[in-house]
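Here is a short note to read beside the model. Take the points in order, and keep the structure open as you go.

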Amino acid sequence: MGCGLEDEVAKIVQGFDKTELLTSGGVTLAGQRYIYLSGTDRVIRAKLGKTGVHCMKTQQAVIVSIYEEPVQPQQAASIVEKLGDYLITCGY
């Protein structure tokens, strides 16, 4: 068995291409399971109570953001996706 965090991130990476992994089991980060809301081949969104997760895949990286109130989901999405788009333009 690998490290818990490595396993959690590996499942997120797989979830970009196989969303059924996330719709059935949710998104787990730092041992906390979040309810999968939506996603694409580049973005994953999940939420649990007052906290949420927004992830974005670039060419070489996955940005993982965990946010909580008062940060709103659209604020987290904007920051994560702008950073992701910037990294993509840099070839990362």
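Is C55 buried or exposed? Point 1 takes this up.

1. The model is a predicted one. In it, C55 has a relative accessible area of 0%. Buried means under 20%, so C55 is buried.

2. Now turn to C90. Its relative accessibility is 48%. As for cysteine pairs, the structure holds zero disulfides.

3. Next, the overall layout. The chain has three helices and five strands. Read from the N terminus, the order is α-α-β-β-β-β-β-α. Along the principal axes, the C-alpha trace spans about 35 × 35 × 25 Å.

4. C55 also belongs to a group. The largest nonpolar core has 11 residues: I12, F16, L22, V27, L29, Y34, Y36, I44, A46, V53 and C55. Several elements give two or more residues to this core: helix 1 (4-17), strand 1 (27-29), strand 2 (32-39), strand 3 (43-48) and strand 4 (51-57). Another core lies apart from it and has five residues, including V43, M56, I63 and L87.

5. Look at L29 within the largest core. Which residues does L29 touch, leaving out those up to four places away in sequence? They are E8, I12, Y34, V53, V64 and I66.

6. One step along is A30, in the loop between strand 1 and strand 2. Its relative accessible area is 70%, and exposed means over 50%, so A30 is exposed. Its phi is near 50 degrees, a positive value in a residue other than glycine. Most residues other than glycine have a negative phi.

7. Check the backbone at P70 too. The peptide bond from E69 to P70 is cis, with omega near 15 degrees. Most peptide bonds are trans. P70 sits in the loop between strand 5 (62-68) and helix 3 (73-89).

8. Last, some totals. Of the 92 residues in the chain, 33% are buried. Take the contacts between residues at least 6 apart in sequence: 33% of these join residues at least 24 apart. The chain exposes about 5,600 Å², and carbon and sulfur atoms supply 56% of that area.

How values were computed. Residues are numbered from 1 along each chain as its sequence is written. This is a predicted model: local features need pLDDT of at least 70, side-chain atom pairs count only at pLDDT 80 or more; totals for chains, interfaces and linings use all residues. Side-chain values use heavy atoms; hydrogens and water are left out. A disulfide is a pair of cysteine sulfur atoms within 2.5 Å. Buried means under 20% relative accessible area, exposed over 50%, partly exposed in between (1.4 Å probe, protein chains only). A nonpolar core is a set of buried Ala, Val, Leu, Ile, Met, Phe, Trp, Tyr and Cys residues joined through side-chain atoms within 4.5 Å. Helices (H or I, at least four residues) and strands (E, at least two) are DSSP runs, numbered from the N terminus. Contact means heavy atoms within 4.5 Å. Accessible areas come from the Shrake-Rupley method with a 1.4 Å probe; for residues, only the protein chains shown count as cover.
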